[in-house]
Every structure is written in structure tokens, then in C-alpha cells.
Amino acid sequence: MTTTITETYGVDPTPTPLALLLLGREADPNSERGVECPGDLPAASDPDLVERARAAKAALGDRVFILGHHYQRDEVIEFADVTGDSFKLARDAAARPEAEYIVFCGVHFMAESADILTTEAQQVILPDLAAGCSMADMATAEQVAECWDVLTDAGIADVTVPVSYMNSSADIKAFTGKHGGTICTSSNAQRALEWAYEQGQKVLFLPDQHLGRNTAVREMGLSLDDCVLYNPHKPNGGLTVEELRNAKMILWRGHCSVHGRFSLDSVNDVRARIPGVNVLVHPECRHEVVAAADLVGSTEYIIKALDAAEPGSKWAIGTELNLVRRLAKAHPDKEVVFLDRAVCFCSTMNRIDLPHLVWALESLVEGRVPNVISVDPETEKYAKAALDRMLALP
């Protein structure tokens, strides 16, 4: 029996004037800049690679520990020793000091965090160095230092506490640590902000504006007027001194290229198509999407919500496509669909494919250590200070 993509994933491939239904062949004028669907996943890898991956992993034994982020494709997840979000995986790596090699199937900032938290005797490997993160790249060390100068000139730097999302570079984590701030995940952002407001009067939230805004307004009781958006590409961030002084939450102009494309139209459309559907979205989505959803939570929250859901319930999930497809497959007793009609995945996360993983593992078997991710000692010192503050949060 042949099933269609519509039946399997709730995605209607019929083109419409505005949606990215042809997998990147059209543009969506309503998307944020940098938000796009570059195309479908490549075809499944050569079956011979599966046997080669098994053989290489077996040859390495306990010397290698493979981490697989939830957004990885199935052929990579199959070989992961543990799966999880970025911070869980970094902590899992730190809990395995006997492993000489940590192969991180994720993106660059995740591998940096693992290097910061593991021992000097361990080496962290990213199978493809091109696996970056568009959100993390939206805040550079130079831009953030300039922003701090702007806050200093406005006379508010000494009452501003930086809080950086885990989805940031080691340089940004180090800046945060050096200036007395903390790191947060999508699970503990509220606790991190509560701590920050105990230390100062304002928060500089990096680099995801949506997680910062959604947490401040939904969880902390702040208003949208309490939040201002700092644009690193404009003089003084595009803000006046008065705006900076009046703000309680200074949001960096960054976003996730996958979660940022979900719109209020996506929510309204799925509710019209699937009566009784539960809309569950990640807090990296835009504020209007989060406000219209039934449930909002981190990747781990989304997974647990589906596990606990009643058989026969209907769910539209606003997060990365690989995870949504995996959830749909794991819960055949429930209707699970992708929130948007467009099939959109994280293109940088998907650069880690089975050929790259096999190459990395076979290189290790042959005595070569490829693509080592190493954070310099000074950056590591301050980044770890920020991470330690997060770990100490109640």
C-alpha cells in the first residue's frame, strides 16, 4: 500500500502563491530574513555505509561516545549512544570521562560546549565543520562588545546582566561569563531571568530575540513595551538612549531559521484543517505564534508531551521536521503533523549525514583524529563560568 506525504506527515505538497511548498523553489515574503527551506533531504545513504559505521564503532568500543541531537536525521540517530538537546548532550559527554573521543552529531556551538565541559584528555569531533548555526552566527564577539559599549555610554551597563541562550558561540558564552551573566536553555530560561533580575535591573538577552521575548512576557509578567530590539547592524542598535534606559529587556536581533518561519497563519490554517488539534510549539517561535498555541515548551518538553498524550489526540508541532517525523512514527496512535504546510528542516544540522559520520569513525580507527573542536583556554575559562552559574540555578 502506498501512502502520500500528506497522509504520513500532514503536509500538503500542492503549491500556493506564498508558501514554500516546493521545497525552496519559491520565496515567502512573510518570513524573517534568513528563514528559508533550501530543499528536501538527500536520498538515504548507501546501505554499505551502515555496515561500515557498525564496524568502525565496534572497533573503537568504549573509546568513542557518539552524541545525537534530536534534530539529526534517523540514519545518524541510529548510531548515537545518547540523544537529547544541546545541553543534555554536553553534560552526557562530561559524564563519560573514559571516552577518548566525543563525536558530536549536531552543530558547531554544541561541540564547543562539549569541549568546555569535558576533560583535557578528551577530544570533541564534529563530523562536518560546515555544520554551523545561523542563530549563533547572528551575534559575533565584536558586535556584542560594541553593544556593551553602547550600554556603557547610555549609563546602564553596570545595571545590565547578560543572559545568553545555549545556542550561542563559545565567544558569546565567554562574554556572558566575563560580565557576570549566565547561560540558559529553553527549559530554564525563566529561572535564568529571575536570577538575572536579582543581580541587576536590566537583561541583555543573546542571541535569540524570540526566546527572550516569550519568556519575559509569558513567564515573567513583563510587557512587550518593556522589551526593545537591539539591531547590531544599525548605529546604537537602532535605539535611542531613552529607549535603552526605559527598557527592562534588551533583546538581540537574532532568531532560529527554522522556528522563525512559523507564522500565525500556520496556526490558523492547521486549526481549520484539523478540528480539535493541539498546537505545540517551541519558544524559539515568534511571539504571535506562541501566544496562539495551546502548549509551549523545549524540545524535551515536546517529546514528553507526546509521550503522555491520549491515544487518538491530534497534534501540530512547531519545531524541526526530523523530530516531528520521528514523533509521528513513534506515536502511530496519535495524529502528529508539522505545523507549517512547507516541509522545512534545519539545513546546517542535516550536514551531519552518514557519510560524514562513517568518515569520522573510520579516521579514528586508522589513528587520525579529524575535525577536532577546541576552545582556547581564556574563552573556555569565562564560558565555563557562565555555564557554572546556570548549573547553580535553583
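Reply: Happy to! One term before we start: helices here are DSSP runs of H or I with at least four residues, numbered from the N terminus. Also keep in mind that this is a predicted model.

Me: Got it. Which helix does Asp171 lie in?

Reply: Asp171 belongs to helix 7, which covers residues 170–178.

Me: Switching to salt bridges. How many turn up in the whole structure?

Reply: The search finds 17. One of them pairs Glu362 with Arg52, with 2.7 Å from N to O.

Me: What does that pair tie together?

Reply: Glu362 sits in helix 15 (residues 354–365) and Arg52 in helix 2 (residues 47–60), so the bridge connects parts that are 310 residues apart in sequence.

Me: Why do those two count as partly exposed?

Reply: Glu362 counts as partly exposed because its relative accessibility is 22%. For Arg52 the value is 40%, so that residue counts as partly exposed too.

Me: Nice. What does Glu100 form with Arg63?

Reply: A salt bridge, in which the closest N and O atoms are 2.9 Å apart. Here the two ends are in loops: Glu100 is in the loop between helix 4 (86–94) and strand 3 (101–105), while Arg63 is in the loop between helix 2 and strand 1 (64–69). The pair links distant parts of the chain, 37 residues apart.

Me: How about accessibility for that pair?

Reply: Glu100 has a relative accessible area of 34% and is partly exposed. Arg63, at 33% relative accessibility, counts as partly exposed as well.

Me: Which residue does Arg326 form a salt bridge with?

Reply: Asp74, with the closest N and O atoms 2.8 Å apart. Arg326 lies in helix 14 (residues 321–330) and Asp74 in helix 3 (residues 74–77), so this pair ties together parts 252 residues apart in sequence.

Definitions and conventions. Residues numbered from 1 in each chain as written. Predicted model: local features only at pLDDT ≥ 70, side-chain atom pairs only at ≥ 80, totals over all residues. Heavy atoms only, no water. Salt bridge = Lys/Arg side-chain N within 4 Å of Asp/Glu carboxyl O. Buried < 20%, exposed > 50% of the residue type's maximum accessible area, 1.4 Å probe, protein only.
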